[in-house]
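Please look at the sequence and the structure before reading on.

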Amino acid sequence: KAESLEFSLALVALMCEGYSGRRLRKLPMVAHAYHITGGAVDLPIMISALRATVLSLARDAQNVMIEV
């Protein structure tokens, strides 16, 4: 189980390649605000929220490029 969590987190980290430090600092807060209800969460849920947030940011960036 720990190996799968490490692998999931490593995938999220790879998805964040090229992000600015500012965006990386805000990522956990945005993930919690948009993808988690309640207070404290387990690590698998947080990793899933981080992944969903990174995917959302990628879609938003793609949409901006299409509009330009």
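Does Leu-11 count as buried, partly exposed or exposed? Leu-11 counts as partly exposed because its relative accessibility is 39%; buried means under 20% relative accessible area, exposed means over 50%, and partly exposed lies in between (1.4 Å probe, protein chains only).

Leu-11 belongs to helix α1, residues 2-15. Together with Phe-7 and Leu-14, Leu-11 makes a nonpolar surface patch of about 320 Å².

## Basis of the model

The model is predicted: local features need pLDDT of at least 70 and side-chain atom pairs count only at pLDDT 80 or more, while totals for chains, interfaces and linings use all residues. Residues are numbered from 1 along each chain as its sequence is written, and side-chain values use heavy atoms, with hydrogens and water left out.

## The chain as a whole

The protein chain has three helices and zero strands (DSSP runs, H or I of at least four residues for helices and E of at least two for strands, numbered from the N terminus). Along the sequence the pattern is α-α-α. The C-alpha trace spans about 45 × 25 × 20 Å along its principal axes.

Of the 68 residues in the protein chain, 19% are buried. Among contacts (heavy atoms within 4.5 Å) between residues at least 6 apart in sequence, 51% join residues at least 24 apart.

## A charge over a ring

The charged end of Arg-23 sits over the ring of Tyr-19, 5.1 Å from the ring's centre. This term requires NZ of Lys or CZ of Arg within 6 Å of the ring centre and within 35 degrees of the ring normal.

Notes:
Patch = residues over 30% accessible without salt bridge, like charges linked within 9 Å, V, L, I, M, F, W, Y side chains within 5 Å. Areas by Shrake-Rupley, 256 points an atom, 1.4 Å probe, with all protein chains shown as cover. Salt bridge = Lys/Arg side-chain N within 4 Å of Asp/Glu carboxyl O.
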